[in-house]
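Subject: Structure for your files

Hello,

Here is the structure I said I would pass on. Please open it alongside the notes further down.

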Amino acid sequence: MAVGQSGSNLDGCESFYKSSWETSYWRDIAAETDPLYCQLLNCMFGGQRLKRTYLASNNRAIMALKVLCDGRHNHAPWSMTDGVFDTALEAEYAP
Ligand SMILES: [Zn+2]
């Protein structure tokens, strides 16, 4: 989980696990910032694999990223090559 926060403003937070929002660490931040949450699937932003990302921010613009898979494409399989998981290939966001 990566958090950008200044006072009661929450720039944004990303997590690959929905359960991150249930930690005491996050609950303290959420109590101060009253964030909005959205889930997106990276395959709709140029990713090759079905990878969920959960975002939180108190900037309404984040809701424009709430895009789920439309099922109109194939997903590359998750695998490991030479000891490296494919997650490393899906670590960047499309421009
Ligand atoms: Zn997809």
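The notes below go from the overall make-up to a few individual residues.

Please keep in mind that this is a predicted model. The mean pLDDT of the protein is 84, and 87% of its residues reach at least 70. Confidence is lowest in strand β1, residues 2–6, where the mean is 58. At the other end of the scale is β3, with the highest value, 92.

Overall make-up

The protein has 1 helix and 6 strands. Read from the N terminus, the order is β-β-α-β-β-β-β. Of the 95 residues, 12% are buried. Taking contacts between residues at least 6 apart in sequence, 59% link residues that are at least 24 apart.

Most residues other than glycine have a negative phi.

Asp 34 has a phi near 50°, which is positive although the residue is not glycine. Asp 34 lies in the loop that runs from α1 (24–33) to β3 (36–41). Is Asp 34 buried or exposed? Asp 34 is exposed, because 9 other C-beta atoms lie within 10 Å and the limit for exposed is 12 or fewer.

Asp 82 also has a positive phi, near 50°. Asp 82 sits in the loop between β5 (80–81) and β6 (84–85). Asp 82 has 4 C-beta neighbours inside 10 Å, so this residue too counts as exposed.

Lys 51

Lys 51 belongs to the loop between β3 and β4 (52–57). With 18 C-beta neighbours inside 10 Å, Lys 51 is classed as partly exposed. The reason is that 18 falls between the two limits, 12 or fewer for exposed and 20 or more for buried.

Which residues does Lys 51 contact, leaving aside neighbours within four places in sequence? They are Leu 41, Asn 42 and Glu 90. For Leu 41 there is also a distance: the C-alpha atoms of Lys 51 and Leu 41 are 5.6 Å apart, with the two residues 10 apart in sequence. Leu 41 is in β3, which spans 36–41, and β3 is the element with the highest confidence.

Regards

How values were computed: Residues numbered from 1 in each chain as written. Predicted model: local features only at pLDDT ≥ 70, side-chain atom pairs only at ≥ 80, totals over all residues. Helix = DSSP H or I, 4+ residues; strand = E, 2+ residues; numbered from the N terminus. Contact = placed C-beta atoms within 7 Å. pLDDT = per-residue confidence, 0-100.
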